[in-house]
Amino acid sequence: MSAPTHPSLTAGPAYPAAPPTAMGRMRAVLPSTDAFRMLVGALMVVTISRIHQHYGFLKPFRPALVLVGLAALYALANPRMLVSGNLLRLWPTRLMAYMGAAACVSVPFGLSMGGSAAFILDEYSKTLIFGFLVVAAIRHVRDLYTMVWSYVVACAFLAWLSIFVYKMKIAKGDDFARIQTGYSYDSNDLGLVVLIGMVFSIMMLQVGSQKGKLFNLAMLASIGVTIAKTGSRGTLLGLATVVAVLLVLLENVSSAKKLGFVGIVSLGLVFAAPAGYWDQMLTIFAPADDYNLTSTTGRWQVWKRGMTYLGLNPITGIGIDNFGRAEGMYSPMAAARNYDPNLSGIKWSAAHNSFVQALVETGIIGGGIFVALVFGGIYQMFKLRRRMPKHWARGDPEQRFLVSMCSYMPAALIAFAVSGSLVSFAWIDPIYVLAALMSGLYVSVERKLAEE
């Protein structure tokens, strides 16, 4: 299933032309500082970093819920501060809505109607609301810039927590110490989130102010340290893939600068790598002996069983958040335990693959939409870049930022596609943030064209 094509950007502006600005004389894009954008930006930081979970006294106040409420109230009182027009005309926003619809349709046909419904109400609805709030907050380039900066700041908090707060320990089956849990994230989750942040941080080095450049230089080194501390092979694979992609995709960036970006991240990675880290990473090249292939609880066997669960209901799936329930009820281990209650307990395993998770839990419908969102997004960003005026590549700071986004967004989506293939992130925020930023990119390009 491919992503729908966006209406022609030259067919007519979606917004009235804004008055001329002095941005062409400025050295960098300026962030938006109005109350609504600041509330949504703060929500981005809290949602992605989980920083509020570090401060126990904040938990009773439900910071994310409060920020959503304040943003909604501000939007109701100031509707002109929102993006005008039909948001569903933007294909990423439509796919987000379709994913929500597919999740709801999976409920009555799934293994546990109550379990799926509760997950949508308690968890997934918040993810979708957050994504749509980000879309509604992006009216032009400065708003888009603010949202991207908010994600980078969130990853800065995650890097700080990883370096100074999260505990390193040796888990069963490991030969080296690494971060096992980081509040809501495990080590693989953490690596995926900061890998996307690394992509945006490199972009901010290209388009940000002088102070912003210094911050992002430190940020890249910190992300290298964080990746080392996670001990995640999936994150290292994602890092290698993204580095290769950026070396090819980046336009108007010298080879020396590209190698400099890689060097800064690598320096943090090598400096912080715990004893035994590289030995563990080298096992990537010996997959035949890896537990993920040989063990019944390894990823390969889990994915294969997932395809049998899909056979229970190929069209609408087994119900959102029901993969673990299928493992406990329909796996060969579950069948064996029914015959012999003395057998050991069964692990109600997650899918450990975002694409398998979406496909099995919401069927061919939801799985196809999810694939379109990720891989269709990569294609559509390249397509949007080709349709931009050529002089933007060396135009004012806003124009250069929009051009850069069309190169860095595919890299961020590729980071998700690679590392997301090893974690269960189909219903978690990062991919919906990327979808919202893609929608905001279309809106910003339309607005900039209108100004011209």
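Q: Is Tyr124 buried or exposed?
A: This is a predicted model. A residue counts as buried when its relative accessible area is under 20%. Tyr124 has a relative accessible area of 1%, so this residue is buried. Trp427 also counts as buried, at 3% relative accessibility.

Q: How many aromatic pairs does a search of the whole structure find?
A: The search finds 15 aromatic pairs. Planes over 60 degrees apart count as edge-to-face. In the pair of Tyr124 and Trp427, the ring planes stand at 75° and the centres lie 5.3 Å apart, so the pair is edge-to-face.

Q: Where in the chain do Tyr124 and Trp427 lie?
A: Tyr124 belongs to helix α4 (residues 113-137), while Trp427 sits in the loop between α16 (397-419) and α17 (429-451). The pair thus links distant parts of the chain, 303 residues apart.

Q: Which residues form one aromatic cluster?
A: The cluster consists of Phe355, Phe370, Phe375 and Phe416. Within it, Phe355 and Phe370 are both buried. Their ring centres are 5.4 Å apart with planes at 70°, so this pair is edge-to-face.

Q: At what angle do helix α6 and α17 pack?
A: Helix α6 (residues 187-207) packs against α17 at about 25°, and their axes are 11 Å apart. Angles under 35 degrees count as roughly parallel, so α6 is roughly parallel to α17.

Q: Which residues make the contact?
A: From α6 come Val193, Ile196 and Phe200, and from α17 come Pro430, Leu434 and Leu437. The contact comprises 6 nonpolar residues, no polar and no charged ones.

How values were computed
Residues numbered from 1 in each chain as written. Predicted model: local features only at pLDDT ≥ 70, side-chain atom pairs only at ≥ 80, totals over all residues. Heavy atoms only, no water. Phe/Tyr/Trp six-rings, centres within 6.5 Å; stacked < 30°, edge-to-face > 60°. Helix = DSSP H or I, 4+ residues; strand = E, 2+ residues; numbered from the N terminus. Buried < 20%, exposed > 50% of the residue type's maximum accessible area, 1.4 Å probe, protein only. Axes fitted to C-alpha atoms, helices over the stretch in contact; angles between N-to-C directions. Parallel < 35°, antiparallel > 145°, perpendicular 65-115°, else oblique. Contact = heavy atoms within 4.5 Å. Nonpolar A, V, L, I, M, F, W, Y, C, P; charged D, E, K, R; others polar.
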